[in-house]
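This briefing sets out the ligand site, the aromatic contacts and some local backbone features. The sequence and the structure come first.

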Amino acid sequence: MKIAIAASEFFPFAKVGGLADAVSSLATALAKRGNEVYTFLPRYGMIKGDELFLKKDGYDVHIIKKNDNLRHLFIKHPIYDREGIYGEKGKDYPDMFERFTFFSECVIDLSYELGVDVIHLNDWHTGYGSLYSLKKYNKKIPVLFTIHNLAYQGVFPFEFGDKTKLGKDVFKDYLHHNMINLMKTGILCSDAVNTVSETYAKEILTKEYGEGLEEVLNSRKDSLFGIINGIDEEVWRVPDILTKKDEYKKELQGFVGFEKKDVPLFGLISRLVDQKGFDILLKCMDDFLSMDVQFVLLGTGDPKYHQEIEKIGERHKGKISINLKFDEELALKIYRGADFFLMPSRFEPCGLGQMISLINATIPIVRKTGGLADTVKDFENDIENGNGIVFSEYSEKELFNSIKRAVELYKNKDKMKVLRERGVNSDFSWSRSAGEYEKIYKFIKEKI
Ligand code: ADP
């Protein structure tokens, strides 16, 4: 099949979170399975190594040809030629709407020009593409829309619609509380919708997780699927991790300036935002760090969390390493060197950290939600298959209780060994999930 995949992030060119990893490794897996894949990304300032592919009216298309089946296309226009993806210094760019609706128009026009079989759009940044395809081309090529995170919806005033080629009136049928909502547009105008785990696909139909779009999603229930993301094993797996675990742990301890002692080492790598459970984590941090433990935290995000974490750091020197930055090299060291990995998310569409941890013999501690519920089973509730520590109620008490269980578990070296082996032996490769995507592509192609 000839497939177009468009997103606002794409590893390794431009990454903020899991979206970049998910679309990139899906594209690679689909290409490996013999599909002809074209990926689309705005040509942001940090993108290098590309060359001119096409000159269009008002923009250029650049290309990096990975191989015969995988071509990365970049939309080159001055509105993308900046340092950031969504903004700089914690502030969103004011022309977010223009940046991503223009991108969506280019993606659809080019997909029709290339004659692809299916167009795969991802998250709100590309949601308008499905409406543009419907209105301009009467949707002769089927569109799949994937929700990676429903919390971000791309909400703009109705008048902004006039900044697009089609004008504001086309948005009328898809407004949400009188505003343009590009997530809702994508959900309603695509031939099928999916999200990135089976549990999240069910959760978003409820008021608790639907972010105000639960009714819209219920109206598409028959075409709504859940497919768990894989991870790129070539990027994340190291050979012989089980025998080298101690070495990696010492390396991490040395790197962050911890004493190289035999205590449970916890890691956390995340965007520092409400979704990820920082309110409950911060509330139990003093109790957590009063135990004989070490904790490496890597993340950036909400300034309020930066400040609070730094204050906590002052009180627990030598036990916590705070790294408020984006650092892929340190991330890898943490995934490999930590004993436990914390993901106390309020909600989690899929989550990659728990899977990357598992294959690196690092035991995840997660809240039972979304993709975390689908990939981590509690070692005491599921004796045969348990691979981590799982709690249900979103509270600091439950989280702290799980941390205490981890500290106890750490003392039982045999049990730790079993859980580590289970993690390392798990299969989170993309090939299975890529096959599921192919099935949906075929399904929507036949539907049209
Ligand atoms: P989300 O997409 O909601 O941010 P995921 O768990 O799906 O969460 O994916 C997060 C990805 O981003 C993981 O690959 C994680 O390692 C990476 N990541 C998050 N924060 C950082 C950071 N500060 N430095 C390096 N990598 C990070």
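A residue counts as buried under 20% relative accessible area, as exposed over 50% and as partly exposed in between, with a 1.4 Å probe and protein chains only. The model is predicted: local features need pLDDT of at least 70 and side-chain atom pairs pLDDT 80 or more, while totals for chains, interfaces and linings use all residues. Residues are numbered from 1 along each chain as its sequence is written, and side-chain values use heavy atoms, with hydrogens and water left out.

**Ligand site**

- The ligand is surrounded by 19 residues, where a residue is near a molecule if one of its heavy atoms lies within 4 Å of it.
- The closest of these residues are G18, R271, K276, K325 and Y335.
- By class, the shell around the ligand holds seven nonpolar, six polar and six charged residues. Here Ala, Val, Leu, Ile, Met, Phe, Trp, Tyr, Cys and Pro count as nonpolar, Asp, Glu, Lys and Arg as charged, and the others, Gly among them, as polar.
- At least two residues of the shell come from each of α1 (18-32), β14 (265-272), β15 (294-301), α11 (328-337) and α12 (353-359). Helices (H or I, at least four residues) and strands (E, at least two) are DSSP runs numbered from the N terminus.
- Strand β14 gives the most to the shell, with three residues.
- A polar backbone atom of G18 is 2.6 Å from an oxygen atom of the ligand, and a polar side-chain atom of Y335 also lies 2.6 Å from a ligand oxygen.
- For L352, a backbone N or O atom lies 2.9 Å from an oxygen atom of the ligand.
- Taken alone, the ligand exposes 560 Å², of which the protein buries 91%; accessible areas come from the Shrake-Rupley method with a 1.4 Å probe.

**Aromatic pairs and charges over rings**

- The whole structure contains 24 aromatic pairs. Rings of Phe, Tyr and Trp (its six-membered ring) pair if their centres lie within 6.5 Å; planes under 30 degrees apart count as stacked, over 60 as edge-to-face and the rest as tilted.
- Y132 and Y137 have ring centres 6.5 Å apart and planes at 80 degrees, so this pair is edge-to-face. Both residues are buried.
- F156 and F160 form a stacked pair, with 6.0 Å between centres and 25 degrees between planes. F156 is buried at a relative accessible area of 10%, whereas F160 is partly exposed at 23%.
- One aromatic cluster includes Y86, F97, W124, Y132, Y137, F156 and F160.
- The charged end of K333 sits over the ring of F255, 4.4 Å from its centre. The criterion is NZ of Lys or CZ of Arg within 6 Å of the ring centre and within 35 degrees of the ring normal.
- The charged end of K413 sits over the ring of Y410, 3.7 Å from its centre.

**Local backbone features**

- The peptide bond from F11 to P12 is cis, with omega near 5 degrees, and P12 is found in the loop between β1 (2-6) and α1.
- N178 has a positive phi, near 65 degrees, although it is a residue other than glycine. N178 lies in the loop between β10 (155-157) and β11 (179-181) and is exposed, with a relative accessible area of 64%.
- A361, also not a glycine, has a positive phi of about 60 degrees. A361 is placed in the loop between α12 and β18 (363-367) and is buried, with a relative accessible area of 1%.

How values were computed
A polar contact is a pair of N or O atoms within 3.5 Å; within protein, one must be able to donate a hydrogen and the other to accept it, and residues adjacent in sequence count only if both atoms are side-chain atoms.
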